[in-house]
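Welcome! Have a look at the structure first.

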Amino acid sequence: MSLEIPVTGIAGSTVYRLHRLPRYEDLVTFLTSSAFPTSLRPFLDEHLTGVSGDSDIEAINTYFDAEMSRLINDLPATSPARVYLALGKDFETIKRHSLENKEHGKEFGVKGLMATLDAARSELYYSQEFRSELLAKEDRISKSTELFGLISYLEEAYLAILYRQLSQSNDYFRSVAVAKINTYSFMSAIKRTEKGQAKDHILAHALPIQGVPAITALKAFGFGDIVGEIGSFLEIPGTEISVARIESELLAREIRTINKATYHGVADERIVQYAEQLYHLFANIKLAYFQKMFAGSEEETVLRMINYTQL
């Protein structure tokens with residue numbers, strides 16, 4: 001980590017890279033053209049700096065990891081952008097080690113949790129914070145038999161740390177943290193309802209944070225028709241309410257919140273905007289790539305893609 005490079009300097013070079021990324025509409029045009037995927041590498045070379053890798057998918061995965069590591073290492077520890085990026089990377093690291101230690105159909109166990117924490121310790125930027133959050137849920141995590149339940153506990157820990165770390169920052173970063181918590185809270189409630197879990201059990205998984213719209217709304221819902229209640233809360237027209245529509249609306253709100261960085265000059269906010277747009281750019285490319293390889297529906301592909309440049 002370097003403390004010598006001003007955040008504005010890092011952000012300035014990041015904004016240059018951000019402006020090189022294709023707009024969502026241009027990406028869709030390319031991904032639905034006959035040129036995709038054979039000309040993917042030239043397309044990547046046009047919009048990115050220094051792409052390498054034996055395969056296109058390997059190239060974008062390697063590029064994203066390298067970009068995140070570069071930004072995290074260059075930014076000072078007090079930078080909100082660094083906190084945001086480092087915690088996101090920590091969450092992915094914890095998930096990876098948890099999946100390695102999870103045996104199918106068996107409880108994760110205290111052994112699985114400790115093995116995960118020990119294996120991840122040297123790789124985490126916020127090792128102590130994650131350790132404290134997860135050990136506080138040790139009994140429930142150790143009894144997890146399904147991946148959904150296990151990953152949910154990890155995500156709850158991640159979001160609690162993220163909110164705690166960013167809540168003292170400016171309005172932009174608080175709004176970004178809240179937007180992510182809104183998405184998780186509503187989608188978790190829907191998935192848990194689908195699994196037949198009761199309202200009290202679902203609310204027990206709500207993060208203990210005051211003032212987050214989704215958490216406040218869930219406590220007021222009757223849970224007779226959770227999809228309808230959430231859809232109405234999000235002001236989705238009744239004829240359009242569905243789980244897929246709710247998820248896309250929540251993600252769109254996240255992205256619009258993140259893209260408000262456009263109006264914040266050249267600072268930490270723009271670094272987060274670049275990181276998120278790069279992530280969704282690659283996610284869209286990989287979705288289209290595998291749909292093409294397995295002869296999937298082009299219409300379905302476009303419907304599932306995320307418009308990462310919307311304001």
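## The second largest pocket

Helix 10 (171–194) and helix 14 (243–258) each give at least two residues to the lining of the second largest pocket. Helix 10 provides the largest share, seven residues. Keep in mind that this is a predicted model.

The volume of this second largest pocket comes to about 280 Å³. Its lining has 17 residues, and those closest to the centre are Ala179, Asn182, Arg253, Glu254 and Thr257. Sorted by class, the lining holds seven nonpolar, five polar and five charged residues.

Searching the whole structure turns up two cavities of 30 Å³ or more. Tyr184, Ser185, Ser188 and Ala189 are among the lining residues, as are Ile202, His205, Ala206, Leu207 and Leu218. By class, this lining has six nonpolar, three polar and no charged residues.

The second largest cavity has a volume of about 30 Å³. Around it sit Arg17, Arg20, Leu21, His47, Leu48, Thr49, Tyr63 and Tyr274. This lining splits into four nonpolar, two polar and two charged residues.

## A stop at Ser167

Ser167 lies in the loop between helix 9 (147–166) and helix 10. Is Ser167 buried or exposed? Ser167 counts as buried because its relative accessibility is 16%, and the cut-off for buried is under 20%. The Ser167 side chain also reaches the backbone oxygen of Arg164, at 3.4 Å.

Methods
Residues numbered from 1 in each chain as written. Predicted model: local features only at pLDDT ≥ 70, side-chain atom pairs only at ≥ 80, totals over all residues. Heavy atoms only, no water. 1 Å grid on protein atoms, 1.4 Å probe; cavity = no way out; pocket = protein on both sides within 12 Å on 5 of 7 lines; lining within 4 Å. Points joined across faces, edges and corners; volume = space filled by probe spheres on them. Helix = DSSP H or I, 4+ residues; strand = E, 2+ residues; numbered from the N terminus. Nonpolar A, V, L, I, M, F, W, Y, C, P; charged D, E, K, R; others polar. Buried < 20%, exposed > 50% of the residue type's maximum accessible area, 1.4 Å probe, protein only. Polar contact = N/O pair within 3.5 Å; in protein donor to acceptor, adjacent residues only side chain to side chain.
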